[in-house]
Amino acid sequence: MLIPSLRKQNQPNAEPVPSFGPGRELKFRDLDRLLETYLSKREISTIYRAYIFGYQAHAGQRRASGESYISHPVEVARILAGMHMDAETITAAILHDVIEDTPTAKKQLVKGFGKNVAEMVDGVSKLSKVSFSDKAEMQAESFRKMMMAMTKDIRVILIKLADRLHNMRTLGAMRGEKQRRIATETLDIYAPIAGRLGMHSFKHELEDLSFKAIYPKRYAAIEDSIRKSRGNRKGILKKIENGIHKRLRQDGLSGKITSREKHLYGIYRKMKDKSLSFHEVFDVYAFRIVVGKVDTCYRVLGALHSLYPPIPGRFKDYIAIPKSNGYQSLHTTLASPYGVPIEVQIRTDEMDQMADAGIAAHWLYKTGKAQQQTSKWITGLLDLQKKAGNTKEFLESVKVDLFPAEVYVFTPHGKIIVLPRGSTPVDFAYAVHTDIGNTCVAAKINRQFVPLQTQLRNGNTIEIITDKHAVPSPAWLNFIATAKARYSIRHHLKQLQRRKARKLGKGLLDKALGEYNLTWKTLPPERLASLLDELQLNSEEELFEDVGLGNRMAPLVARQLTPLIADTDGENIGPRNRGVRPIGIKSNESIVLHLAKCCRPIPGDRIQGIATAGRGIVIHRPDCHNISAFRNKPEHLIDVQWDPESDNLFQVKIRVDTINRRGVLATLASSIAESDSNIDHVDMDDRDGNTSSLYFIISVRDTRHLDDVLHRIRNVEFVLYASRVDG
Ligand code: MN
């Protein structure tokens with residue numbers, strides 16, 4: 001019996017255990033020993049089941065070292081078991097690579113190990129997919145935040161960190177280039193995440209392993225210097241330690257005093273950042289004093305300051321004001337009689353545990369204090385006010401969004417863009433560059449075309465397709481989430497409206513001047529100058545704009561520009577000069593030309609333009625009742641005509657009376673679709689229980705197309721009447 005703890009349970013419906021050679025069983029045995037110290041037999045048997053599942057799923061796969069693959073997830077689980085992580089986390093750790101590296105589906109994990117475990121494995125796999133090293137630009141901070149944001153359960157991050165730690169410990173099996181790449185990523189991304197979670201022993205090991213892989217020579221040199229220095233220091237360290245002990249005893253205080261050394265990478269960084277020599281960094285006597293109560297910390301501090309004089313400006317009270325990752329301690333530096341300063345950290349047991357394990361202290365130390373601390377810590381991380389008191393609440397709180405307000409996405413070149421939640425490809429386009437936003441026509445997310453209003457998700461790679469002739473659509477204002485996009489779209493539309501209005505206004509003025517056989521070019525400049533002066537306008541462009549927006553009527557302006565002719569011609573402006581071309585209507589542009597919603601003209605209809613203050617020109621059908629008000633204001637009437645080139649669709653309203661029968665609406669809808677038209681809106685008016693009037697707004701190309709649609713509708717069974725209506 002190689003794993004007695006498992007085999008001796010006589011579970012009546014235990015699954016048949018595949019036979020393993022001794023080497024394979026051994027892989028589980030070390031883990032099992034650890035698990036027995038804090039988990040129940042039942043939990044361990046589930047973990048063993050996960051081991052067998054993982055073993056079979058990874059069968060035949062090998063690590064770069066040549067070992068069978070299962071050794072890796074088991075080691076990852078062992079690191080986490082050392083932190084006393086719960087059974088679900090250990091189970092997920094053993095299975096952490098099966099979705100990514102084997103044909104196993106998430107569904108199978110749900111069935112075999114429950115939803116929580118399956119979610120965690122899925123979460124780890126998702127993190128693995130976003131590869132930092134693929135990305136051209138190193139935006140480590142955003143990337144770290146993105147990883148956190150993608151994670152709904154803190155335990156996923158812990159598994160990922162343990163995964164990375166084991167990969168770093170076994171990095172030697174990789175090629176040199178790959179080693180450096182993985183080590184750089186570890187240094188940029190994973191070590192800082194461990195730091196953010198307060199897991200300092202994790203962070204330091206990741207940093208030292210990375211440093212060794214990236215700069216093996218520097219690592220060896222510092223390691224050598226440390227070894228040489230240690231011997232010289234021993235005696236003095238002992239003397240100082242004894243001095244402190246004696247002083248504390250005199251004051252009736254007690255604490256555990258340890259001397260400590262900075263980790264290797266820490267020394268290197270300090271040398272580099274502050275341009276110090278190895279000895280300037282390393283030759284500091286550093287002690288830690290761990291005591292029972294917070295109050296004692298301050299009394300120990302007082303005792304030390306009376307033993308050796310403190311160096312001004314070096315005292316820090318991280319007990320009263322903890323660091324953002326929850327770290328608490330008193331720091332002080334004393335001037336020693338040995339020529340080098342003494343750095344001292346003073347803290348309680350709990351603070352010491354937190355300083356070492358951070359978030360993991362929640363699982364590692366089952367004391368109420370650690371639980372409270374980590375809860376508080378998570379609360380701080382989440383930036384929430386509520387306190388998670390007990391374990392259940394804590395586990396709830398580790399499963400929420402860490403950055404609920406933000407979403408992290410990539411450009412095709414790997415740059416990370418941070419946007420508010422709810423942002424769309426249009427917001428993304430404007431965030432990259434205003435011009436890209438203004439000319440955006442389509443978007444791809446992870447290489448798939450998506451509608452522009454699609455909400456972005458963490459880790460998406462967004463590609464924007466632009467067209468230099470495209471303009472922003474007012475419809476975008478309904479779904480965008482960023483102020484920058486909103487401002488830019490509004491600004492652009494305004495500019496566009498002005499440009500179009502100027503062009504239209506100039507055309508209208510030219511046409512009106514044509515009635516006097518004048519053109520804009522042949523106009524005497526002094527006439528124009530005096531008119532602009534009179535109207536208090538700065539330029540002819542402003543005049544064009546005013547006319548194009550319908551604020552001034554072109555015929556009136558033209559008459560003011562030609563007073564001599566106007567005098568002889570009197571009030572009457574018409575009849576119109578037939579040599580002047582009317583304005584062409586291409587589509588229902590919402591900029592300066594509008595198709596009236598009352599009569600909805602479509603190509604083929606006779607039309608009449610009305611200059612309407614502030615809106616530009618509104619196009620009506622000549623028999624529209626809204627036109628009658630303008631009959632005696634001819635200066636508002638503008639000749640317009642359909643542009644023959646246009647093949648756009650135009651909205652028109654129709655009424656269809658039917659006998660009430662199930663499915664009539666569906667039949668109508670399909671006959672409209674068959675005639676190549678779209679339904680944009682339907683209203684129903686139930687008249688007397690037997691018949692209904694249906695009002696459709698449909699899109700058609702022109703009157704011929706409309707006739708075709710109506711003809712088809714009239715042939716539908718139970719249809720009594722079908723015709724175009726106003727409105
Ligand atoms: Mn792995």
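The axes of helix H5 (residues 87-94) and helix H8 (residues 115-129) come within 9 Å of each other and cross at roughly 50 degrees; here axes are lines fitted to C-alpha atoms, for helices over the stretch in contact, and angles run from 0 to 180 degrees between N-to-C directions. Helices (H or I, at least four residues) and strands (E, at least two) are DSSP runs, numbered from the N terminus. The model is a predicted one, in which local features need pLDDT of at least 70 and side-chain atom pairs count only at pLDDT 80 or more, while totals for chains, interfaces and linings use all residues. Residues are numbered from 1 along each chain as its sequence is written, and side-chain values use heavy atoms, with hydrogens and water left out.

On the H5 side the contact (heavy atoms within 4.5 Å) is made by Glu-88, Thr-89, Thr-91 and Ala-92, and on the H8 side by Asn-116, Val-117, Met-120 and Val-121. Sorted by class, the contact of H5 with H8 has four nonpolar, three polar and one charged residues. In this scheme Ala, Val, Leu, Ile, Met, Phe, Trp, Tyr, Cys and Pro count as nonpolar, Asp, Glu, Lys and Arg as charged, and the others, Gly among them, as polar.

H5 also packs against helix H4 (residues 71-82), with axes that come within 7 Å and cross at roughly 160 degrees. H4 and H5 are therefore roughly antiparallel to each other, and H4 passes H5 in a right-handed crossing. Pro-73, Val-76, Ala-77, Leu-80 and Ala-81 of H4 make this contact with Thr-89, Ile-90, Ala-93 and Ile-94 of H5. The residues of the contact of H4 with H5 divide into eight nonpolar, one polar and no charged. H5 itself is mostly covered, with seven of its eight residues buried (under 20% relative accessible area, whereas exposed means over 50% and partly exposed in between, with a 1.4 Å probe and protein chains only). The buried residues of H5 are Ala-87, Thr-89, Ile-90, Thr-91, Ala-92, Ala-93 and Ile-94.

Another helix pair is formed by H13 (residues 216-250) and H14 (residues 264-273), whose axes come within 10 Å and cross at roughly 105 degrees. That angle makes H13 roughly perpendicular to H14. Arg-218, Tyr-219, Ile-222, Glu-223 and Ile-226 in H13 meet Leu-264, Ile-267, Tyr-268 and Met-271 in H14. By class, the residues of the contact of H13 with H14 are seven nonpolar, no polar and two charged.

In helix H26 (residues 554-561), the buried residues are Ala-554, Pro-555, Val-557, Ala-558 and Leu-561. Seen down the axis of H26, these buried residues fall within an arc of 160 degrees, so they line one face of the helix; the arc is that of the directions from the helix axis to the C-beta atoms.

Several single residues also deserve a look. Leu-334 lies in strand S4 (residues 330-334) and, at 0% relative accessibility, counts as buried. Leaving out residues up to four places away in sequence, Leu-334 touches Leu-304, His-305, Tyr-308, Pro-309, Pro-310, Ile-311, Pro-341, Ile-342 and Val-344. The C-alpha atoms of Leu-334 and Pro-309 are separated by 5.7 Å, although these residues are 25 residues apart along the chain. His-492, found in helix H23 (residues 483-514), is buried at 18% relative accessibility.

Arg-447 lies in the loop between strand S8 (440-445) and strand S9 (448-450) and is exposed, with a relative accessible area of 76%. Arg-600 lies in the loop between strand S12 (593-595) and strand S13 (608-612), and at 11% relative accessibility counts as buried.

For the protein as a whole, there are 29 helices and 20 strands, and buried residues make up 48% of the 727 residues.

Note on methods. Parallel < 35°, antiparallel > 145°, perpendicular 65-115°, else oblique. Left-handed = near helix turned anticlockwise from the far one by under 90°.
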